[in-house]
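Take a walk through this model, from the whole chain down to a single side chain. Keep the structure in view as you read.

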Amino acid sequence: MLDPFWIMVAVIILALVFDFTNGWHDTANAIATVVGTRTLSPAKAIMMAAVLNLAGAFFSTEVAKTIGKDIVNPTLITQVVLISALLAVITWNIVTVLMGLPTSSSHALIGSLVGAAIAYQGPEVLKVGGILEILVALLVSPILGALVGAGLIKLIRSIFKNTPRSKVKRVFRPLQIISSALMAFSHGAADAQKAMGIIMMALIAAGYQSADNMTVPFWVILSAGLAMALGTAAGGRKIIHTIGSRLSRLESPQGFAAETGAALILATVAKLGIPVSTTHTITGSIIGVGAAERVKSVRWTVAGKIVSAWVLTLPVTALIGYLYYFVLQFLEK
């Protein structure tokens, strides 16, 4: 019989590994456009994003509470369920980052949790209402990103319609660094909380935390923020290339509009406790900006591949989570 304490420690370590892969996978979300427009070098942009990811982790804990109690009932699952889910999402993140596919770690985490929980005790442990609300938010976020990004670039074009293009680019180069910084902060605020939520579930399952009065300890916030910052510093360069230059040709004004629109949405939902996908939001914003300028400027074949990967994420990670639990269920005995 394995010591329950050390199984809980294993869950916490895996949650931080997931957070690292999330940062590694999602570096592009914060800096792809600023790199794609050549406003900053990849090395400088990655370091800036890592520092601001850590700072963003302290912005709110509402998403962590949602993850911790609104997907599965934390009092009805075990540490082995969480280990299985984390192994599944880590596997998916590693495979997709090596392929250069900007998929959603949020989708992957939900799918993995659902699959592992069903393998353990069937669908009755799921919180269907909470899952549906999260899925709706995940679907709406790229649409909102597209609309806000398109609106911002149209506003910028109307304000600077009589200004020479070269001067507009000079104006927006420093502004894009600010918008990229805001995006990196918002990414940390939104995504570092997902690992916090898993750690809180582990603490609840082990009896160290109450599900009724969930308060995220400082050490959980700090460790999750550091893990994401280190992952961001590692940098998923293939995904940066996919989002920053292959999806749509961007200049500084378009990059500013895309980042600012996505960052505003992410900061808002992080404070409200709604776990959305930073990948979906920034990708939707980039597509919206590109399409508002000229529909043909968006590489729709690349966009189609990204959407296909999004659609596959939930069922594939649910299956992987289910299989991991099937293999590891002997640890329950």
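This is a predicted model: local features need pLDDT of at least 70, side-chain atom pairs count only at pLDDT 80 or more; totals for chains, interfaces and linings use all residues.

Count the contacts in the protein with a separation of 6 or more: 88% of them join residues 24 or more positions apart. Burial comes next. The protein has 333 residues, and 58% of them count as buried.

The secondary structure is quickly told. There are twelve helices and zero strands. Read along the sequence, the pattern is α-α-α-α-α-α-α-α-α-α-α-α.

Now turn to one helix pair. Two packed helices are described by the angle between their axes and the distance between the axes. Helix α4 spans residues 79–99, and helix α5 spans residues 105–121. Their packing angle is about 145 degrees, and their axes lie 8 Å apart. The crossing of α4 past α5 is right-handed.

Which residues meet there? From α4 come Val81, Leu82, Ser84, Ala85, Ala88, Val89, Trp92 and Asn93. From α5 come Ser105, Ala108, Leu109, Ser112, Leu113, Ala116, Ala117 and Tyr120. Twelve residues of this α4–α5 contact are nonpolar, four are polar and none is charged.

A charged residue deserves a look elsewhere. Asp19 sits in helix α1, which covers residues 4–36. Is Asp19 buried or exposed? Asp19 is buried, yet it has no salt bridge. A salt bridge would need a side-chain nitrogen of Lys or Arg within 4 Å of a carboxyl oxygen.

What does Asp19 touch, not counting residues up to four places away in sequence? Its contacts are Asp191, Ala192, Ala195, Ala224, Gly225, Ala227 and Met228.

Terms used. Residues are numbered from 1 along each chain as its sequence is written. Side-chain values use heavy atoms; hydrogens and water are left out. Axes are lines fitted to C-alpha atoms, for helices over the stretch in contact, and angles run from 0 to 180 degrees between N-to-C directions. Helices (H or I, at least four residues) and strands (E, at least two) are DSSP runs, numbered from the N terminus. A crossing is left-handed if the near helix is turned anticlockwise from the far one by less than a right angle, and right-handed if clockwise. Contact means heavy atoms within 4.5 Å. Ala, Val, Leu, Ile, Met, Phe, Trp, Tyr, Cys and Pro count as nonpolar, Asp, Glu, Lys and Arg as charged, and the others, Gly among them, as polar. Buried means under 20% relative accessible area, exposed over 50%, partly exposed in between (1.4 Å probe, protein chains only). Lys and Arg count as positive and Asp and Glu as negative; His and the chain ends are not counted.
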